[in-house]
Amino acid sequence: MPPDAPAPPALSSRAPAVEHPENFPVASWLCPPALRPTVRAIYHYARTADDLADEGTAPAAERLADLAAYRQALRLAMQGRVAADGPWAAVFGPLAAAIAQHGLPQPWLEALLDAFEQDVHGAPHPDRAALLAYCANSANPVGRLLLHLVGRGDDPQACAESDAICTALQLINFWQDLRVDLPRGRLYLPLADCAAHGLDPAGLLAGQAPPGLPRLVAELAAWARSLMLQGAGLPRRLPGRFAWEMRAVVQGGLMVLDRLAAQGHDALRQRPVLRRRDRLRLVGRVLTMR
């Protein structure tokens with residue numbers, strides 16, 4: 001980094017390193033080897049920003065300051081400038097290399113930070129349309145970045161299918177993580193849907209588990225499934241191994257919804273996860289996917 005380039009400020013408290021169980025492939029062996037470092041760099045960039053918004057005990061003002069500093073570090077990385085001793089050198093070093101090699105579009109990378117800032121503010125989502133608008137920043141940019149990597153970023157149909165898959169994955173994460181998000185003050189259940197089922201959002205955030213909640217989750221899971229199926233044609237538009245990676249993502253998401261249904265859509269009791277024994281089933285579904 002040139003000596004006159006400002007480094008991101010040192011932070012008094014940042015989110016700790018956190019292990020995140022993943023139900024979906026992240027740069028797995030199905031992904032083309034040449035693209036794996038870039039896919040990992042994008043993932044770690046997004047995950048670190050998400051942790052700044054969610055993890056630890058810092059107050060909201062400090063989290064927003066951290067995210068602002070993180071955004072500044074991104075803008076420097078877009079210019080190939082990374083502070084070797086900066087707080088996120090391990091994130092922005094690989095990301096800057098990916099930006100230089102592949103010309104990653106800055107708007108998609110910044111949109112993710114917009115969503116994480118929205119998380120800090122903690123405003124509820126009035127209806128499904130508002131939740132979709134949130135997903136347009138929190139999830140869809142990742143798919144658009146991957147389409148850019150494989151030269152499909154200008155294909156309108158591929159973009160629409162990618163958005164459907166990414167939004168579905170985000171929604172599935174919301175429904176499977178209710179027992180984690182609600183204690184943090186994160187309510188991703190649309191208020192209109194809560195009202196339709198006679199559920200009190202304040203009660204949910206206070207730790208109540210009303211009997212009508214599984215019925216609402218079942219409806220929302222069906223919505224996520226319909227979105228996933230809308231995007232399921234995307235693998236046909238992708239080259240080689242990347243198409244197989246996307247099949248695994250689609251089928252993994254559908255299997256999580258199956259697991260959620262098998263436990264009565266009660267995500268407060270147990271987080272539905274895919275385990276080692278599910279891998280053979282996943283492989284079978286990927287190979288037979290049409």
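Colleague: Which residues of H4 are buried?

Modeller: Leu109, Glu110, Ala111, Leu112, Leu113, Ala115, Phe116, Asp119 and Val120. Buried means under 20% relative accessible area, exposed means over 50%, and partly exposed lies in between (1.4 Å probe, protein chains only). This is a predicted model, where local features need pLDDT of at least 70 and side-chain atom pairs count only at pLDDT 80 or more, while totals for chains, interfaces and linings use all residues. Residues are numbered from 1 along each chain as its sequence is written, and side-chain values use heavy atoms, without hydrogens and water.

Colleague: What covers the buried residues of H4?

Modeller: The cover includes helices H1 (36-54), H2 (60-78), H3 (89-102), H5 (128-138) and H6 (140-149). Helices here are DSSP runs (H or I, at least four residues), and they are numbered from the N terminus.

Colleague: How do you know that the length of H4 agrees with its residue count?

Modeller: The expected span is 1.5 Å times one less than the number of residues. H4 has 16 residues, 106-121, so it should span 22 Å. Its end C-alpha atoms are 23 Å apart, which agrees. Just after H4, Gly122 has a positive phi of about 70°.

Colleague: Why is Thr38 called buried?

Modeller: Its relative accessible area is 3%, so Thr38 counts as buried. Thr38 sits in helix H1. Leaving out residues up to four places away in sequence, Thr38 touches Ala98, His102 and Leu149 (contact: heavy atoms within 4.5 Å). The C-alpha atoms of Thr38 and Leu146 are 9.3 Å apart, though 108 residues separate them along the chain.

Colleague: What makes His265 buried, and what is its phi?

Modeller: The relative accessible area of His265 is 16%, so it is under the 20% cut-off. Its phi is near 55°, a positive value in a residue other than glycine. His265 is in the loop between helix H12 (240-262) and H13.

Conventions. Helices (H or I, at least four residues) and strands (E, at least two) are DSSP runs, numbered from the N terminus.
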